[in-house]
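Please look over the sequence and the model below before reading on. The text that follows takes the chain as a whole and then one of its elements.

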Amino acid sequence: MYERLKRLYHEGRASEAMLKNAVKRGWITDEEMQEIIASKKEPEIPVSTPESR
């Protein structure tokens with residue numbers, strides 16, 4: 001469930017309220033919720049491809 005919620009949150013298809021509800025239901029822990037929120041705030045590092053050089 002953690003990976004699914006993380007993906008949905010990053011895609012903008014899940015909100016913080018949905019994550020809080022998942023914690024209440026016991027699907028993820030509060031720590032996992034904080035990790036998901038923090039991971040979205042971290043800037044993604046673009047991967048260099050041969051086409052982009």
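Among contacts in the protein chain between residues at least 6 apart in sequence, what percentage join residues at least 24 apart? In this predicted model, the share is 47%. The protein chain has 3 helices and 0 strands, and its pattern, read along the sequence, is α-α-α. Of its 53 residues, 23% count as buried.

Consider how two of the helices pack. Two packed helices are described by the angle between their axes and by the distance between the axes. For helix H1 (residues 2-10) and helix H3 (residues 30-41), the axes come within 10 Å and cross at roughly 35 degrees. The crossing of H1 and H3 is right-handed. On the H1 side, the residues in contact are Tyr-2, Leu-5, Lys-6, Tyr-9 and His-10; on the H3 side, they are Glu-32, Glu-35, Ile-36, Ile-37, Ser-39 and Lys-40. Sorted by class, this contact of H1 with H3 has 5 nonpolar, 2 polar and 4 charged residues.

Now take H3 by itself. Its 12 residues, at 1.5 Å a residue, should span 16 Å, and the end C-alpha atoms of H3 are 17 Å apart, which agrees.

Which residues of H3 are buried? They are Met-33, Ile-36, Ile-37 and Ser-39. The exposed residues Glu-31 and Lys-41 are carried on the face of H3 turned away from its buried side. As for what covers the buried residues of H3, the cover includes H1 and helix H2 (16-25).

Ser-39 is found in helix H3. Is Ser-39 buried or exposed? Ser-39 has a relative accessible area of 17%; buried means under 20%, so Ser-39 counts as buried. Leaving aside residues up to four places away in sequence, Ser-39 touches Lys-6 and His-10. Both Lys-6 and His-10 are listed among the H1 residues that meet H3.

Definitions and conventions
Residues numbered from 1 in each chain as written. Predicted model: local features only at pLDDT ≥ 70, side-chain atom pairs only at ≥ 80, totals over all residues. Heavy atoms only, no water. Axes fitted to C-alpha atoms, helices over the stretch in contact; angles between N-to-C directions. Helix = DSSP H or I, 4+ residues; strand = E, 2+ residues; numbered from the N terminus. Left-handed = near helix turned anticlockwise from the far one by under 90°. Contact = heavy atoms within 4.5 Å. Nonpolar A, V, L, I, M, F, W, Y, C, P; charged D, E, K, R; others polar. Expected span 1.5 Å × (residues − 1). Buried < 20%, exposed > 50% of the residue type's maximum accessible area, 1.4 Å probe, protein only.
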